Amino acid sequence: MLSQTAEYALRAMAHLASLPEEAQTAQQIAGQTLVPLPYLSKVLQLLGKAGLISAQRGLHGGFRLLRLPTEITIYEVVQAVDPLKRITVCPLAIATHGSNLCPLHRQLDNAVGQIEESFRSVTLAEVLSEPGSNRPLCATPNPAV
């Protein structure tokens, strides 16, 4: 359902949210989330442009959230890197349909709208505080691999 870019962004943001007081280097984030470093760098750039994270160079530098994990929604993260696409005009370019969607495309757009609504209602903090042993991050990679 979500693109790989959105998945990677959510992993990176969950990692940063789990350590809100610490700046994390791209290498640290990549290591904990199993996101390839070159791809992660592009994702972090998009998150920065969206105003979700900041980057600081130098000693004690790295990436950190610009707002509290309680204030950042899953929707914001996804929209920053690969926005959900709503159907506003006939995707088949049928001239008589225009913006009057047929029942099929109206239902598909309604489903995307429900996903948006769901993502808007969940913050990074809520994802991290959900009970259970699984965290929304990858396990630390095996150093022998």
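What covers the buried residues of α4? Let me come to that by way of the whole chain.

A word on the model, everyone: it is predicted, so local features need pLDDT of at least 70 and side-chain atom pairs count only at pLDDT 80 or more, while totals for chains, interfaces and linings use all residues. Residues are numbered from 1 along each chain as its sequence is written, and side-chain values use heavy atoms, with hydrogens and water left out.

Now the overview. We have six helices and two strands, where helices are DSSP runs of H or I with at least four residues, strands are runs of E with at least two, and numbering goes from the N terminus. In order, the elements read α-α-α-β-β-α-α-α. The C-alpha trace spans about 60 × 35 × 35 Å along its principal axes. Of the 145 residues, 36% are buried; buried means under 20% relative accessible area, exposed means over 50%, and partly exposed is in between, with a 1.4 Å probe and protein chains only.

Contacts next, meaning heavy atoms within 4.5 Å. Taking those between residues at least 6 apart in sequence, 64% join residues at least 24 apart.

As for charge, the chain carries 11 positive and 11 negative side chains, and the centres of the two sets are 8 Å apart. Lys and Arg count as positive, Asp and Glu as negative, and His and the chain ends are not counted. Each charge is placed at NZ of Lys, CZ of Arg, CG of Asp or CD of Glu.

Back to my opening question. Helix α4 covers residues 74–81, and six of its eight residues are buried, so the rest of the structure largely encloses it. Those six are I74, Y75, V77, V78, A80 and V81. Their cover includes α1, α3, α5 (103–120) and α6 (124–129). Please look at Y75 as well: R120 lies over the face of that ring, 4.0 Å from the ring centre. For a charge to sit over a ring, NZ of Lys or CZ of Arg must be within 6 Å of the ring centre and within 35 degrees of the ring normal.

Staying with rings, there is one aromatic pair. The rule takes rings of Phe, Tyr and Trp (its six-membered ring) with centres within 6.5 Å; planes under 30 degrees apart are stacked, over 60 edge-to-face, and the rest tilted. The ring centres of Y8 and Y39 are 4.9 Å apart and the planes meet at 80°, so this pair is edge-to-face. It links distant parts of the chain, with Y8 in helix α1 (residues 4–18) and Y39 in helix α3 (residues 37–49), 31 residues apart. Y8 is buried at 8% relative accessibility, whereas Y39 is partly exposed at 28%.

Helix α3 also holds L44, which is buried with a relative accessible area of 2%. Beyond residues up to four places away in sequence, L44 touches A12, A26, I29, I53 and F63.

Over in helix α5 we find H105, buried at 10% relative accessible area. Leaving out neighbours within four places in sequence, H105 contacts I87, P91 and L92.

Finally, T96 sits in the loop between α4 and α5 and is exposed at 72% relative accessibility. T96 and P20 are 76 residues apart in sequence, and their C-alpha atoms are 52 Å apart in space. Thanks, everyone!
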